[in-house]
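Subject: Structure for you to look at

Dear colleague,

Please find the structure below, and after it an account of what was found there.

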Amino acid sequence: MVPVRGHSSIWTLSGLEAPLNLRPCAVGGVPCVRVENLNGVATHVLTAPLEPLSKVKVELDWSRREDNMAQHSAQHLLTAIALKKWGYETTSWSLGDQTSFLELGTQEVPPPLLAELEDAANEAIKARIPSP
C-alpha cells in the first residue's frame with residue numbers, strides 16, 4: 001500500500017462498538033482516506049484535522065460501503081477456498097472503488113486453477129455454503 005499523508009482521528013461513538021471502521025465515510029464533513037488498526041484501535045486517517053473533543057456528524061456512503069462488504073465477503077471466500085484446495089495463503093488484499101486485488105502465496109495462479117477457484121466460489125455462493 002502506498003502511504004497516504006493525512007490526519008489521524010481516534011474517536012468513539014455513543015451506542016456503537018469500538019473499534020469501528022466506517023470507511024468510506026466523511027467525519028464532520030472531512031473525507032476519510034483509510035482506516036488503520038493501531039493496537040486494536042480503529043484510527044481513521046482524514047484529509048484534514050478535527051478539533052480535539054469536537055462532536056461530529058459521520059456521513060456514510062452506503063452504496064460504497066455495501067460494495068466493500070460484498071467484496072470483503074468475496075475475499076474471505078476466495079481466501080478460504082485457495083487455502084483449502086492448494087494451501088495458498090493470502091499475503092495481501094485491497095478493496096477499491098475501481099480496482100481490488102487479492103495476492104496469494106504463490107508466484108502464479110495458472111488460468112485453469114483460477115477458473116477452478118472462480119467455479120468453487122460461485123458454487124459455494126449458489127449453495128449458500130459458509131466459507132470452508
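A residue is called buried here when its relative accessible area is under 20%, exposed when that area is over 50%, and partly exposed in between, with a 1.4 Å probe and protein chains only. This is a predicted model, in which local features need pLDDT of at least 70 and side-chain atom pairs count only at pLDDT 80 or more, while totals for chains, interfaces and linings use all residues. Residues are numbered from 1 along each chain as its sequence is written, and side-chain values use heavy atoms, with hydrogens and water left out.

To begin with the protein as a whole, its secondary structure comes to two helices and seven strands, where helices (H or I, at least four residues) and strands (E, at least two) are DSSP runs numbered from the N terminus. Along the sequence these elements follow the pattern β-β-β-β-β-α-β-β-α. Of the 132 residues in the protein, 25% are buried. If contact is taken to mean heavy atoms within 4.5 Å, then among the contacts between residues at least 6 apart in sequence, 50% join residues at least 24 apart.

Next comes the pair of helices. Two packed helices are described by the angle between their axes and the distance between the axes. Here helix α1 (residues 62-86) packs against helix α2 (residues 111-126) at an angle of about 120 degrees, and their axes are 10 Å apart; the axes are lines fitted to C-alpha atoms, for helices over the stretch in contact, and the angles run from 0 to 180 degrees between N-to-C directions. The two helices, α1 and α2, are therefore oblique to each other, given that angles under 35 degrees count as roughly parallel, over 145 as roughly antiparallel, 65 to 115 as roughly perpendicular and the rest as oblique. On the side of α1, the contact is made by Leu77, Leu78, Ile81, Ala82, Lys85 and Trp86, and on the side of α2 by Leu113, Glu116, Leu117, Ala120, Ala121, Ala124 and Ile125. Those residues divide into eleven nonpolar, no polar and two charged, with Ala, Val, Leu, Ile, Met, Phe, Trp, Tyr, Cys and Pro counted as nonpolar, Asp, Glu, Lys and Arg as charged, and the others, Gly among them, as polar.

Helix α1 can also be taken by itself. At 1.5 Å a residue, its 25 residues should span 36 Å, and the end C-alpha atoms of α1 are 36 Å apart, which agrees; the expected span is 1.5 Å times one less than the number of residues. The buried residues of α1 are Arg64, Asn68, Gln71, Gln75, Leu77, Thr79, Ala80, Ile81 and Ala82, and they pack against β6 (90-94), β7 (101-104) and α2. After α1 comes Gly87, whose phi is positive, near 75 degrees.

Leu77 has a relative accessible area of 9%, and its C-alpha atom is separated by 9.8 Å from that of Asn122, 45 residues apart along the chain. Thr79 has a relative accessible area of 16% and, leaving aside its neighbours within four places in sequence, is in contact with Tyr88, Thr90 and Leu102. Thr79 and Leu104, which are 25 residues apart in sequence, are 8.0 Å apart in space, C-alpha to C-alpha.

Finally, there is strand β3 (residues 30-38), in which Cys32 lies. Cys32 counts as buried at 11% relative accessibility, and its C-alpha atom is 5.7 Å from that of Val45, 13 residues apart in sequence. Pro31 is also found in strand β3, but at 42% relative accessibility Pro31 counts as partly exposed. Pro31 and Thr47 are 16 residues apart in sequence and 5.9 Å apart in space, C-alpha to C-alpha.
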